[in-house]
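Subject: Structure for you to look over

Hello,

Here is the structure I said I would pass on.

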Amino acid sequence: MTDVLGVLVIARNGDRTEYYQDPKTYEGSYTESTALGAAESHQLGAFLRSTYMSSSSPSYIADMKTDLVDTHEVHVHAKAGGEGTVIFDSAIALLQGLFPPNPANKIILANETTVVAPLGGYQYVPIETVEPGNDKSLEPWTECPAFEQHISNVHSSSEFKAAAKAAGPFFNSVRDYVFGRPTTLENAWNIYDYVSTELSHNKTYAHRLPPTLVEQARGFADYHENAIFSDKDVGGIGNLAGRTILHTVLSSLQRIAFNGDPLQFLLIETSYHPFISLFHMLEMTKENPDLEGIPNYASALAFELRRGPAPEDRDFVRIKFKNGTSGDFETHHAFGHKSDIAATEFIYRIENYAITSQKQWAAACSSGLEDDWLHIGSQDAISSTVFAILAAVFLLGMFMLSKFVKSARAKAHNSRIRLADDEVSQSHLPQSQYPNYGTLSNNVVAQPASMTEKQRLPL
């Protein structure tokens, strides 16, 4: 047996209402958590607690505080895009099972009053949400032209067209049970999601759905999602979901291995997409073809960092997968190994494919595009430039017009006639200082200064 130094767990959200994804872009719709989904995630949290925080478990993390959470040792990331609300709720439920309420979660005040946290000592574990607008690590496929091109290439391939033809009888039979939704292989995910959701939550629908229809829908959805979120090339665009999350996996393992870093448990709560890519990138599907598909709700993929047995002084990575709420962790091996892989080899073989920044993501999403994509981009750039020039000319014209108006008003003010009954009489002003007061323009003759007030005639 080897000691577990720490673990990184990637967990899928629990049950929810229907979730539609655009077949061409994978932009998602609104969805909500269900009580069933919360229970599934809570169950997963309790399972992880018994695996890594129980002294009787062979995977016990000995140096970790297990009764009251230490937020320096435990970090949690939750995807905010797509199914974000459901994923956040699932993270909360999982943490309730991982760190259940404890009466020891209390404080003694200065007046010697003891206050226990609500709900019998509920433990509040911080969750860092990963917003796709700022960080693409958990949802890199949206707003990515190269990935949209990849989807189009998959749908237009001869293999996909052959599969679509073979799936014709199923889509004809399911048409009466999806109520207007497109019954095509391209839409296989949405067909399966609707059928399985209604089967779980709608009693009338469940009684009317023919046998095996949901299993067939699941099979075609597995085929479709596996084709979209995988790639023959480890660094291909199809593996984008795995490549962006991989940076967090590798950096966390390095942090756990470093004695000066307190991190020992990292939870990433996310959707199903990166599971498929990672299974392919780590070559786990070669030994286990059943992994080529959608993981069930509340599934978990664990990367354990273990200290090698004496006299070995290296650290090793053990990969485990639990598909849904039933069963236990099953150990899987990466890159054809028959046992745990050395951490240094694991990192060396995969780190060059990790996308570590927004800049790298943008480069991946623009590489290998066809001319029409580039043409659209150049047209947008030209349009933006022309608009900026026109705006600058308009502002310059408005500025010049305002200067002209101010100048005209100033001239009109200077040429205004000063009347004789002004506060200061012209007779008291030096002639040299006001040379124009002797005569006025426009054929108007100024009145002599010697005239009395009654002698002055109105102009």
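Predicted model: local features only at pLDDT ≥ 70, side-chain atom pairs only at ≥ 80, totals over all residues.

Strand β7 spans residues 300-307, and seven of its eight residues are buried. Strand β1 (residues 3-12) pairs with β7 in the antiparallel sense, over eight bridges. Strand β8 (residues 315-322) also runs antiparallel to β7, and eight bridges join the two.

Helix α4 covers residues 145-156. From first C-alpha to last, its twelve residues reach 17 Å, close to the 16 Å expected at 1.5 Å a residue. The buried residues of α4 are Ala146, Phe147, Gln149, His150, Ile151, Val154 and His155.

The largest nonpolar core has 40 residues, and those that touch the most other members are Cys144, Phe147, Phe171, Val174, Val195, Phe229 and Leu240. Among the elements that give two or more residues to this core are α4, α5 (158-166), α9 (213-228) and α14 (358-364). Helix α7 gives the most, with six residues. Leaving aside residues up to four places away in sequence, Cys144 touches Ile237, Leu240, Trp361 and Cys365.

A second, separate core holds 35 residues, including Ile256, Leu266, Phe303 and Ile350.

Regards

Definitions and conventions: Residues numbered from 1 in each chain as written. Heavy atoms only, no water. Buried < 20%, exposed > 50% of the residue type's maximum accessible area, 1.4 Å probe, protein only. Helix = DSSP H or I, 4+ residues; strand = E, 2+ residues; numbered from the N terminus. Pairing = 2+ DSSP bridges. Expected span 1.5 Å × (residues − 1). Core = buried A, V, L, I, M, F, W, Y, C linked by side-chain atoms within 4.5 Å. Contact = heavy atoms within 4.5 Å.
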